[in-house]
Amino acid sequence: MKYISTRGGAAPQAFSDILLGGLAPDGGLYLPESYPQVSAAELAEWRELPYHALALRILQKYIDDIPACDLKTLADRTYTAQTYRHCRPGRDAADITPLTTLEPGFHLLELSNGPTLAFKDMAMQLLGNLFEYVLAKRGETINILGATSGDTGSAAEYAMRGKKGVRVFMLSPDGKMSAFQRAQMYSLPDENITNIAIRGMFDDCQDIVKAVSNDAAFKARYKIGAVNSINWARVLAQIVYYFKGYFAATKSNDEQVAFCVPSGNFGNICAGHIARMMGLPVARLVLATNENDVLDEFFRCGVYRPRGTADTYVTSSPSMDISKASNFERFIFDLVGRDPAVVRELWNKVDAGGSFDLNGTPFMARLPEFRFASGRSTHADRIATIRAVWNTYRLMIDTHTADAVKVAREHMLAGVPMVVLETAQPVKFAETIQEALGCDPVRPKELEGIEALPQRVEVMDADAAAVKALIAARC
Ligand SMILES: *Cc1c(COP(=O)(O)O)cnc(C)c1O
(Lines give C-alpha, C1' and ligand atoms only; values in the text may rest on other atoms or scores of the structure.)
Protein backbone atom coordinates (compact mmCIF):
# COMPACT_ATOMS: atom_id res chain seq x y z
CA MET A 1 0.00 0.00 0.00
CA LYS A 2 1.44 3.34 -1.09
CA TYR A 3 0.30 6.83 -0.07
CA ILE A 4 -0.38 9.66 -2.49
CA SER A 5 -0.97 13.39 -2.08
CA THR A 6 -4.40 14.94 -2.60
CA ARG A 7 -2.66 17.49 -4.85
CA GLY A 8 -0.91 14.90 -7.01
CA GLY A 9 2.57 16.42 -6.80
CA ALA A 10 4.40 13.94 -4.56
CA ALA A 11 5.90 10.54 -5.33
CA PRO A 12 3.96 7.63 -3.75
CA GLN A 13 5.36 6.84 -0.30
CA ALA A 14 5.39 3.90 2.08
CA PHE A 15 3.54 4.16 5.41
CA SER A 16 6.67 4.54 7.56
CA ASP A 17 7.91 7.35 5.32
CA ILE A 18 4.82 9.51 5.84
CA LEU A 19 4.38 8.59 9.52
CA LEU A 20 6.74 11.22 10.92
CA GLY A 21 5.81 14.05 8.57
CA GLY A 22 2.81 16.31 8.18
CA LEU A 23 1.81 17.77 4.83
CA ALA A 24 3.03 16.26 1.56
CA PRO A 25 5.77 18.36 -0.09
CA ASP A 26 3.22 19.75 -2.59
CA GLY A 27 1.05 21.08 0.27
CA GLY A 28 -1.52 18.27 -0.03
CA LEU A 29 -2.54 15.58 2.45
CA TYR A 30 -1.61 11.93 2.19
CA LEU A 31 -4.20 9.25 1.50
CA PRO A 32 -3.87 5.58 0.51
CA GLU A 33 -3.87 4.98 -3.27
CA SER A 34 -7.14 3.12 -2.81
CA TYR A 35 -9.33 2.04 0.09
CA PRO A 36 -8.95 -1.65 0.95
CA GLN A 37 -12.30 -3.45 0.99
CA VAL A 38 -13.70 -5.58 3.79
CA SER A 39 -15.40 -8.79 2.64
CA ALA A 40 -18.53 -10.25 4.20
CA ALA A 41 -16.42 -13.10 5.60
CA GLU A 42 -14.00 -10.64 7.20
CA LEU A 43 -16.82 -8.58 8.68
CA ALA A 44 -18.27 -11.75 10.20
CA GLU A 45 -14.94 -12.69 11.75
CA TRP A 46 -14.24 -9.14 12.98
CA ARG A 47 -17.55 -8.92 14.87
CA GLU A 48 -16.23 -11.28 17.52
CA LEU A 49 -12.83 -9.64 18.03
CA PRO A 50 -11.58 -7.65 21.01
CA TYR A 51 -10.52 -4.08 20.21
CA HIS A 52 -6.77 -4.67 19.88
CA ALA A 53 -7.30 -7.58 17.46
CA LEU A 54 -9.80 -5.58 15.39
CA ALA A 55 -7.30 -2.71 15.29
CA LEU A 56 -4.62 -5.10 14.04
CA ARG A 57 -6.86 -6.36 11.18
CA ILE A 58 -7.50 -2.80 10.03
CA LEU A 59 -3.90 -1.60 10.45
CA GLN A 60 -2.67 -4.59 8.41
CA LYS A 61 -4.77 -3.46 5.46
CA TYR A 62 -2.97 -0.11 5.40
CA ILE A 63 0.56 -0.86 6.64
CA ASP A 64 2.72 -3.28 4.67
CA ASP A 65 6.18 -2.08 5.70
CA ILE A 66 6.01 -3.14 9.36
CA PRO A 67 6.10 -6.93 9.95
CA ALA A 68 2.75 -8.35 11.11
CA CYS A 69 4.14 -9.65 14.40
CA ASP A 70 5.57 -6.23 15.27
CA LEU A 71 2.29 -4.56 14.34
CA LYS A 72 0.49 -7.01 16.61
CA THR A 73 2.78 -6.11 19.53
CA LEU A 74 2.11 -2.39 18.91
CA ALA A 75 -1.68 -2.84 18.74
CA ASP A 76 -1.73 -5.08 21.84
CA ARG A 77 0.35 -2.59 23.79
CA THR A 78 -1.76 0.42 22.71
CA TYR A 79 -5.30 -0.78 23.35
CA THR A 80 -5.27 -2.12 26.92
CA ALA A 81 -7.96 -1.97 29.59
CA GLN A 82 -5.34 -0.34 31.82
CA THR A 83 -4.87 2.65 29.44
CA TYR A 84 -8.61 3.08 28.86
CA ARG A 85 -9.65 2.49 32.47
CA HIS A 86 -11.53 5.79 33.03
CA CYS A 87 -14.87 4.38 31.88
CA ARG A 88 -18.27 4.90 33.48
CA PRO A 89 -19.13 2.67 36.43
CA GLY A 90 -20.48 -0.65 35.20
CA ARG A 91 -18.79 -0.47 31.76
CA ASP A 92 -16.04 -2.91 30.83
CA ALA A 93 -12.74 -1.09 30.29
CA ALA A 94 -11.56 -4.03 28.14
CA ASP A 95 -14.11 -2.91 25.53
CA ILE A 96 -11.86 0.20 25.08
CA THR A 97 -14.85 2.04 23.52
CA PRO A 98 -17.91 0.84 25.51
CA LEU A 99 -21.36 1.50 24.05
CA THR A 100 -23.98 3.07 26.30
CA THR A 101 -27.60 2.78 25.21
CA LEU A 102 -29.72 5.81 26.11
CA GLU A 103 -32.87 4.34 24.59
CA PRO A 104 -33.48 1.62 21.98
CA GLY A 105 -31.75 2.75 18.78
CA PHE A 106 -29.90 5.70 20.37
CA HIS A 107 -26.41 5.07 21.74
CA LEU A 108 -23.23 6.79 22.92
CA LEU A 109 -19.86 5.35 21.94
CA GLU A 110 -17.45 6.25 24.76
CA LEU A 111 -14.17 7.33 23.18
CA SER A 112 -12.82 9.39 26.06
CA ASN A 113 -11.68 6.80 28.59
CA GLY A 114 -7.96 7.24 27.91
CA PRO A 115 -5.35 9.12 29.98
CA THR A 116 -6.47 12.66 29.06
CA LEU A 117 -10.24 11.96 28.98
CA ALA A 118 -10.69 13.04 25.35
CA PHE A 119 -11.00 10.92 22.21
CA LYS A 120 -7.71 12.23 20.85
CA ASP A 121 -6.03 9.60 23.05
CA MET A 122 -7.48 6.88 20.79
CA ALA A 123 -5.18 7.85 17.91
CA MET A 124 -2.37 9.61 19.74
CA GLN A 125 -1.56 6.56 21.90
CA LEU A 126 -0.99 4.49 18.76
CA LEU A 127 1.08 7.28 17.24
CA GLY A 128 3.38 7.31 20.30
CA ASN A 129 4.08 3.58 19.96
CA LEU A 130 4.49 3.76 16.16
CA PHE A 131 6.93 6.70 16.44
CA GLU A 132 9.08 4.90 19.00
CA TYR A 133 9.14 1.73 16.87
CA VAL A 134 10.00 3.40 13.55
CA LEU A 135 12.61 5.74 15.10
CA ALA A 136 14.36 2.81 16.82
CA LYS A 137 14.42 0.84 13.54
CA ARG A 138 16.01 3.78 11.76
CA GLY A 139 18.27 4.92 14.57
CA GLU A 140 16.68 8.37 14.41
CA THR A 141 15.21 10.87 16.86
CA ILE A 142 12.49 13.50 16.50
CA ASN A 143 11.60 16.75 18.24
CA ILE A 144 7.87 17.30 18.17
CA LEU A 145 6.87 20.94 18.23
CA GLY A 146 3.20 21.72 18.74
CA ALA A 147 0.73 24.38 19.80
CA THR A 148 -2.32 23.62 21.88
CA SER A 149 -5.26 25.29 23.52
CA GLY A 150 -5.92 22.14 25.57
CA ASP A 151 -6.97 18.70 24.32
CA THR A 152 -4.41 18.05 21.59
CA GLY A 153 -1.36 19.01 23.62
CA SER A 154 -2.20 16.88 26.61
CA ALA A 155 -3.12 13.86 24.45
CA ALA A 156 0.21 14.23 22.60
CA GLU A 157 2.23 14.55 25.81
CA TYR A 158 0.62 11.53 27.50
CA ALA A 159 1.20 9.50 24.33
CA MET A 160 4.84 10.55 23.91
CA ARG A 161 5.94 10.57 27.57
CA GLY A 162 8.95 8.34 28.14
CA LYS A 163 9.11 7.30 24.47
CA LYS A 164 12.68 6.69 23.29
CA GLY A 165 13.87 8.97 20.50
CA VAL A 166 11.01 11.43 20.98
CA ARG A 167 11.15 14.86 22.61
CA VAL A 168 8.08 17.10 22.85
CA PHE A 169 8.03 20.91 22.97
CA MET A 170 4.44 22.02 23.51
CA LEU A 171 3.41 25.67 23.35
CA SER A 172 0.28 26.82 25.15
CA PRO A 173 -1.12 30.30 25.82
CA ASP A 174 -0.06 31.41 29.31
CA GLY A 175 -3.01 31.57 31.69
CA LYS A 176 -5.63 30.78 29.03
CA MET A 177 -6.30 27.12 29.84
CA SER A 178 -8.35 25.82 32.75
CA ALA A 179 -6.56 24.90 35.99
CA PHE A 180 -7.36 21.25 35.27
CA GLN A 181 -5.88 21.40 31.76
CA ARG A 182 -2.75 23.16 33.01
CA ALA A 183 -2.31 20.56 35.73
CA GLN A 184 -2.77 17.72 33.24
CA MET A 185 0.08 18.97 31.05
CA TYR A 186 2.43 20.81 33.37
CA SER A 187 2.57 18.18 36.10
CA LEU A 188 4.08 15.50 33.83
CA PRO A 189 7.51 14.68 35.30
CA ASP A 190 8.96 13.08 32.15
CA GLU A 191 12.35 14.35 30.98
CA ASN A 192 11.37 14.28 27.29
CA ILE A 193 8.41 16.66 27.73
CA THR A 194 8.92 20.46 27.74
CA ASN A 195 5.95 22.74 28.32
CA ILE A 196 6.28 26.31 27.12
CA ALA A 197 3.65 28.85 28.17
CA ILE A 198 3.65 31.77 25.75
CA ARG A 199 2.63 35.24 26.90
CA GLY A 200 -0.09 35.60 24.28
CA MET A 201 -3.00 33.76 22.67
CA PHE A 202 -3.29 30.37 20.97
CA ASP A 203 -2.73 32.01 17.58
CA ASP A 204 0.62 33.38 18.79
CA CYS A 205 1.65 29.83 19.71
CA GLN A 206 0.60 28.56 16.31
CA ASP A 207 2.50 31.38 14.56
CA ILE A 208 5.67 30.39 16.40
CA VAL A 209 5.25 26.75 15.30
CA LYS A 210 4.82 27.94 11.71
CA ALA A 211 7.85 30.27 11.91
CA VAL A 212 10.07 27.50 13.29
CA SER A 213 8.83 24.97 10.71
CA ASN A 214 9.40 27.45 7.88
CA ASP A 215 13.08 27.70 8.85
CA ALA A 216 14.15 24.72 6.72
CA ALA A 217 17.72 24.64 8.03
CA PHE A 218 16.62 24.65 11.68
CA LYS A 219 13.89 22.11 10.95
CA ALA A 220 16.36 19.70 9.35
CA ARG A 221 19.12 20.20 11.93
CA TYR A 222 16.82 19.61 14.91
CA LYS A 223 14.53 17.09 13.19
CA ILE A 224 11.37 19.04 13.96
CA GLY A 225 8.19 16.99 13.54
CA ALA A 226 4.47 17.44 14.18
CA VAL A 227 1.55 15.40 15.48
CA ASN A 228 -1.26 17.61 14.22
CA SER A 229 -4.57 16.28 13.02
CA ILE A 230 -3.54 16.00 9.37
CA ASN A 231 -1.19 13.13 10.24
CA TRP A 232 -2.48 10.10 8.31
CA ALA A 233 -1.82 7.63 11.14
CA ARG A 234 -4.15 9.61 13.38
CA VAL A 235 -6.98 9.23 10.87
CA LEU A 236 -6.14 5.54 10.36
CA ALA A 237 -6.30 4.74 14.09
CA GLN A 238 -9.77 6.27 14.27
CA ILE A 239 -11.25 4.00 11.57
CA VAL A 240 -11.21 1.17 14.12
CA TYR A 241 -13.82 2.55 16.50
CA TYR A 242 -16.39 2.96 13.71
CA PHE A 243 -16.20 -0.80 13.15
CA LYS A 244 -16.30 -1.41 16.91
CA GLY A 245 -19.31 0.91 17.27
CA TYR A 246 -21.10 -0.80 14.39
CA PHE A 247 -20.66 -4.26 15.93
CA ALA A 248 -21.75 -3.02 19.36
CA ALA A 249 -24.94 -1.36 18.06
CA THR A 250 -26.10 -4.20 15.76
CA LYS A 251 -26.72 -7.93 16.00
CA SER A 252 -25.98 -8.87 12.40
CA ASN A 253 -23.99 -7.55 9.46
CA ASP A 254 -27.19 -7.14 7.45
CA GLU A 255 -28.04 -4.10 9.59
CA GLN A 256 -27.04 -0.50 8.95
CA VAL A 257 -26.11 2.22 11.46
CA ALA A 258 -25.81 6.00 11.50
CA PHE A 259 -23.05 7.89 13.32
CA CYS A 260 -23.14 11.43 14.62
CA VAL A 261 -19.74 13.11 15.11
CA PRO A 262 -18.97 16.43 16.85
CA SER A 263 -16.56 17.92 14.33
CA GLY A 264 -13.85 20.56 14.15
CA ASN A 265 -10.95 19.71 11.88
CA PHE A 266 -12.87 16.89 10.16
CA GLY A 267 -10.38 14.26 11.41
CA ASN A 268 -12.79 12.07 13.34
CA ILE A 269 -15.59 12.01 10.77
CA CYS A 270 -13.04 11.56 7.96
CA ALA A 271 -12.22 8.19 9.55
CA GLY A 272 -15.96 7.39 9.49
CA HIS A 273 -16.11 8.28 5.81
CA ILE A 274 -13.18 5.94 5.12
CA ALA A 275 -14.77 3.12 7.17
CA ARG A 276 -17.85 3.46 4.95
CA MET A 277 -15.69 3.48 1.81
CA MET A 278 -14.15 0.20 3.03
CA GLY A 279 -17.60 -1.37 3.06
CA LEU A 280 -18.88 -0.81 6.61
CA PRO A 281 -22.71 -0.63 6.38
CA VAL A 282 -23.15 3.04 7.32
CA ALA A 283 -26.49 4.55 6.31
CA ARG A 284 -25.66 8.08 7.39
CA LEU A 285 -22.76 10.16 8.73
CA VAL A 286 -24.13 13.14 10.64
CA LEU A 287 -21.70 16.00 11.14
CA ALA A 288 -22.35 18.29 14.11
CA THR A 289 -20.75 21.71 14.58
CA ASN A 290 -21.12 24.41 17.20
CA GLU A 291 -21.51 28.10 16.30
CA ASN A 292 -18.39 27.72 14.14
CA ASP A 293 -20.39 26.14 11.34
CA VAL A 294 -18.06 26.15 8.30
CA LEU A 295 -18.63 22.44 7.74
CA ASP A 296 -22.37 22.51 8.37
CA GLU A 297 -22.61 25.24 5.75
CA PHE A 298 -20.78 23.09 3.22
CA PHE A 299 -22.98 20.03 3.70
CA ARG A 300 -26.16 22.11 3.57
CA CYS A 301 -25.23 24.53 0.76
CA GLY A 302 -22.21 23.20 -1.14
CA VAL A 303 -20.16 26.26 -0.23
CA TYR A 304 -16.89 25.95 1.71
CA ARG A 305 -16.10 29.31 3.23
CA PRO A 306 -13.31 29.20 5.85
CA ARG A 307 -13.47 32.07 8.31
CA GLY A 308 -10.66 34.28 9.52
CA THR A 309 -9.45 33.61 13.07
CA ALA A 310 -11.06 36.93 14.06
CA ASP A 311 -14.44 35.55 12.93
CA THR A 312 -14.08 32.37 14.95
CA TYR A 313 -16.33 32.26 18.01
CA VAL A 314 -15.01 31.24 21.42
CA THR A 315 -17.60 28.70 22.58
CA SER A 316 -18.28 26.27 25.39
CA SER A 317 -17.29 23.40 23.06
CA PRO A 318 -13.81 24.89 22.47
CA SER A 319 -12.21 21.91 20.72
CA MET A 320 -14.54 22.58 17.78
CA ASP A 321 -13.72 26.29 17.56
CA ILE A 322 -12.01 26.14 14.18
CA SER A 323 -11.97 28.58 11.28
CA LYS A 324 -10.96 26.05 8.63
CA ALA A 325 -11.07 22.26 8.76
CA SER A 326 -7.58 20.94 8.11
CA ASN A 327 -8.67 17.40 7.11
CA PHE A 328 -11.52 18.43 4.82
CA GLU A 329 -9.29 18.27 1.74
CA ARG A 330 -9.21 14.48 2.13
CA PHE A 331 -12.97 14.20 1.72
CA ILE A 332 -13.08 16.64 -1.21
CA PHE A 333 -10.41 14.54 -2.96
CA ASP A 334 -12.80 11.57 -2.86
CA LEU A 335 -15.83 13.70 -3.75
CA VAL A 336 -14.17 15.03 -6.93
CA GLY A 337 -13.32 11.49 -8.05
CA ARG A 338 -9.74 11.68 -6.74
CA ASP A 339 -8.71 14.21 -9.37
CA PRO A 340 -5.75 16.15 -7.88
CA ALA A 341 -6.06 18.91 -10.49
CA VAL A 342 -9.53 19.79 -9.17
CA VAL A 343 -8.28 19.75 -5.55
CA ARG A 344 -5.37 22.03 -6.49
CA GLU A 345 -7.73 24.48 -8.13
CA LEU A 346 -10.10 24.54 -5.15
CA TRP A 347 -7.33 24.90 -2.57
CA ASN A 348 -5.62 27.64 -4.55
CA LYS A 349 -8.68 29.64 -3.56
CA VAL A 350 -8.73 28.43 0.05
CA ASP A 351 -5.00 28.99 0.60
CA ALA A 352 -5.39 32.54 -0.72
CA GLY A 353 -8.02 33.21 1.95
CA GLY A 354 -11.01 32.56 -0.32
CA SER A 355 -13.82 30.02 -0.56
CA PHE A 356 -15.31 27.66 -3.14
CA ASP A 357 -18.81 26.81 -4.30
CA LEU A 358 -19.59 23.40 -5.78
CA ASN A 359 -23.12 24.30 -6.89
CA GLY A 360 -23.53 23.74 -10.60
CA THR A 361 -20.63 21.25 -10.72
CA PRO A 362 -21.10 17.47 -11.22
CA PHE A 363 -19.60 16.97 -7.72
CA MET A 364 -22.68 18.43 -6.08
CA ALA A 365 -24.86 15.78 -7.73
CA ARG A 366 -22.54 13.11 -6.34
CA LEU A 367 -22.55 14.42 -2.74
CA PRO A 368 -25.62 12.39 -1.62
CA GLU A 369 -23.75 9.13 -2.45
CA PHE A 370 -21.45 9.91 0.48
CA ARG A 371 -24.41 9.83 2.91
CA PHE A 372 -23.57 12.95 4.90
CA ALA A 373 -26.06 15.05 6.83
CA SER A 374 -25.22 17.98 9.09
CA GLY A 375 -26.44 20.42 11.68
CA ARG A 376 -25.26 23.01 14.18
CA SER A 377 -25.74 23.64 17.87
CA THR A 378 -25.42 26.70 20.09
CA HIS A 379 -24.50 27.34 23.71
CA ALA A 380 -28.20 27.35 24.66
CA ASP A 381 -28.64 24.01 22.86
CA ARG A 382 -25.68 22.51 24.73
CA ILE A 383 -27.03 23.59 28.09
CA ALA A 384 -30.51 22.26 27.27
CA THR A 385 -29.11 18.96 25.96
CA ILE A 386 -26.80 18.36 28.95
CA ARG A 387 -29.81 18.98 31.22
CA ALA A 388 -32.18 16.78 29.23
CA VAL A 389 -29.73 13.86 29.09
CA TRP A 390 -29.07 14.19 32.82
CA ASN A 391 -32.73 14.44 33.73
CA THR A 392 -33.83 11.57 31.51
CA TYR A 393 -30.96 9.10 31.80
CA ARG A 394 -28.94 10.32 34.84
CA LEU A 395 -25.93 10.47 32.55
CA MET A 396 -23.53 13.41 32.40
CA ILE A 397 -22.17 14.33 28.96
CA ASP A 398 -19.63 16.94 27.94
CA THR A 399 -20.33 19.98 25.78
CA HIS A 400 -18.97 18.52 22.50
CA THR A 401 -20.97 15.34 22.90
CA ALA A 402 -24.01 17.52 23.67
CA ASP A 403 -23.63 19.26 20.30
CA ALA A 404 -23.71 15.85 18.64
CA VAL A 405 -26.68 14.53 20.64
CA LYS A 406 -28.69 17.62 19.68
CA VAL A 407 -27.89 17.29 15.96
CA ALA A 408 -28.31 13.47 15.95
CA ARG A 409 -31.93 13.83 17.10
CA GLU A 410 -32.63 15.93 13.99
CA HIS A 411 -31.27 13.31 11.58
CA MET A 412 -32.65 9.96 12.71
CA LEU A 413 -33.49 7.38 10.03
CA ALA A 414 -36.43 5.08 10.77
CA GLY A 415 -35.20 1.68 11.92
CA VAL A 416 -31.51 2.65 11.85
CA PRO A 417 -29.66 2.82 15.17
CA MET A 418 -27.85 6.12 15.83
CA VAL A 419 -24.41 6.02 17.44
CA VAL A 420 -23.25 9.37 18.85
CA LEU A 421 -19.51 9.59 19.36
CA GLU A 422 -18.67 10.80 22.88
CA THR A 423 -15.47 12.78 22.49
CA ALA A 424 -14.62 14.06 25.99
CA GLN A 425 -15.57 13.63 29.63
CA PRO A 426 -17.58 16.38 31.33
CA VAL A 427 -14.89 16.99 33.98
CA LYS A 428 -12.83 18.79 31.32
CA PHE A 429 -15.54 21.43 30.93
CA ALA A 430 -16.70 21.82 34.52
CA GLU A 431 -17.75 25.46 34.17
CA THR A 432 -20.46 24.66 31.62
CA ILE A 433 -21.61 21.61 33.59
CA GLN A 434 -22.04 23.94 36.57
CA GLU A 435 -24.12 26.27 34.43
CA ALA A 436 -26.30 23.43 33.13
CA LEU A 437 -26.70 21.26 36.21
CA GLY A 438 -25.61 23.40 39.16
CA CYS A 439 -23.08 20.80 40.31
CA ASP A 440 -19.52 19.75 39.59
CA PRO A 441 -18.84 16.77 37.35
CA VAL A 442 -17.28 13.75 39.02
CA ARG A 443 -13.67 13.22 38.26
CA PRO A 444 -11.81 9.89 38.02
CA LYS A 445 -10.27 9.12 41.46
CA GLU A 446 -6.65 9.25 40.42
CA LEU A 447 -7.11 12.71 38.90
CA GLU A 448 -8.41 14.17 42.16
CA GLY A 449 -6.12 16.92 43.40
CA ILE A 450 -3.84 17.02 40.34
CA GLU A 451 -3.92 20.82 40.53
CA ALA A 452 -1.77 20.56 43.69
CA LEU A 453 1.06 18.57 42.05
CA PRO A 454 4.33 20.36 41.25
CA GLN A 455 4.34 21.84 37.74
CA ARG A 456 7.11 22.27 35.15
CA VAL A 457 6.63 25.02 32.60
CA GLU A 458 8.81 27.65 30.94
CA VAL A 459 7.04 30.98 30.53
CA MET A 460 8.28 32.94 27.51
CA ASP A 461 7.41 35.88 25.29
CA ALA A 462 5.85 35.20 21.88
CA ASP A 463 9.23 35.12 20.18
CA ALA A 464 10.17 32.35 17.73
CA ALA A 465 13.91 33.00 18.15
CA ALA A 466 13.69 32.42 21.91
CA VAL A 467 11.77 29.17 21.38
CA LYS A 468 14.41 28.01 18.87
CA ALA A 469 17.16 28.79 21.38
CA LEU A 470 15.38 26.70 24.02
CA ILE A 471 15.01 23.74 21.63
CA ALA A 472 18.68 23.99 20.66
CA ALA A 473 19.73 24.09 24.31
CA ARG A 474 17.72 20.96 25.16
CA CYS A 475 18.96 18.85 22.25
C1 LIG B 1 -10.66 17.56 18.76
C2 LIG B 1 -12.03 17.42 19.32
C3 LIG B 1 -13.18 17.42 18.51
C4 LIG B 1 -13.13 17.64 17.00
O5 LIG B 1 -12.57 16.54 16.33
P6 LIG B 1 -12.06 16.71 14.81
O7 LIG B 1 -11.35 15.44 14.53
O8 LIG B 1 -11.12 17.89 14.82
O9 LIG B 1 -13.24 16.93 13.95
C10 LIG B 1 -14.41 17.22 19.11
N11 LIG B 1 -14.51 17.04 20.45
C12 LIG B 1 -13.45 17.04 21.26
C13 LIG B 1 -13.64 16.87 22.72
C14 LIG B 1 -12.15 17.23 20.74
O15 LIG B 1 -11.09 17.23 21.56
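Select Phe266 and the ligand together: a backbone N or O atom of Phe266 lies 3.2 Å from an oxygen atom of the ligand, a polar contact being a pair of N or O atoms within 3.5 Å, where, within protein, one must be able to donate a hydrogen and the other to accept it, and residues adjacent in sequence count only if both atoms are side-chain atoms. The protein covers 97% of the 390 Å² of accessible area that the ligand has on its own, with areas taken from the Shrake-Rupley method with a 1.4 Å probe and, for residues, only the protein chains shown counting as cover.

This is a predicted model, in which local features need pLDDT of at least 70 and side-chain atom pairs count only at pLDDT 80 or more, while totals for chains, interfaces and linings use all residues. Residues are numbered from 1 along each chain as its sequence is written, and side-chain values use heavy atoms, with hydrogens and water left out.

Now show the whole shell around the ligand. Of its 15 residues, Lys120, Asp151, Gly264, Asn265 and Asn268 come nearest, a residue being near if one of its heavy atoms lies within 4 Å. The shell divides into five nonpolar, eight polar and two charged residues; Ala, Val, Leu, Ile, Met, Phe, Trp, Tyr, Cys and Pro count as nonpolar, Asp, Glu, Lys and Arg as charged, and the others, Gly among them, as polar.

From Asp151, move along helix H6 (residues 151–160), where nine of the 10 residues are buried, meaning under 20% relative accessible area, with exposed over 50% and partly exposed in between (1.4 Å probe, protein chains only). Helices (H or I, at least four residues) and strands (E, at least two) are DSSP runs, numbered from the N terminus. To see what covers the buried residues of H6, display elements including helix H5 (120–138), strand E5 (142–147) and helix H7 (179–186). Just after H6, Gly162 takes a positive phi of about 70°.

Next select Asn290, in the loop between strand E10 (282–289) and helix H12 (294–301). Asn290 counts as buried, at 0% relative accessibility, and its side chain makes polar contacts of 3.0 Å with that of Ser317 and 2.9 Å with that of Asp321. Leaving aside neighbours within four places in sequence, the residues in contact with Asn290 include Thr315, Met320 and Arg376, contact meaning heavy atoms within 4.5 Å.

The whole structure holds 28 salt bridges.

Arg91 and Glu110 form a salt bridge with their closest N and O atoms 3.6 Å apart; Arg91 lies in the loop between helix H4 (68–78) and strand E3 (99–103) and Glu110 in strand E4 (residues 106–110), so the pair ties together parts that are 19 residues apart in sequence. Glu103 and Arg409 meet at 3.7 Å, N to O, in a salt bridge, and this pair ties together strand E3 and helix H17 (residues 399–409), parts that are 306 residues apart in sequence. Finally, select Lys468 and Asp215, whose salt bridge has its closest N and O atoms 2.7 Å apart.

How values were computed:
A salt bridge is a side-chain nitrogen of Lys or Arg within 4 Å of a carboxyl oxygen of Asp or Glu.
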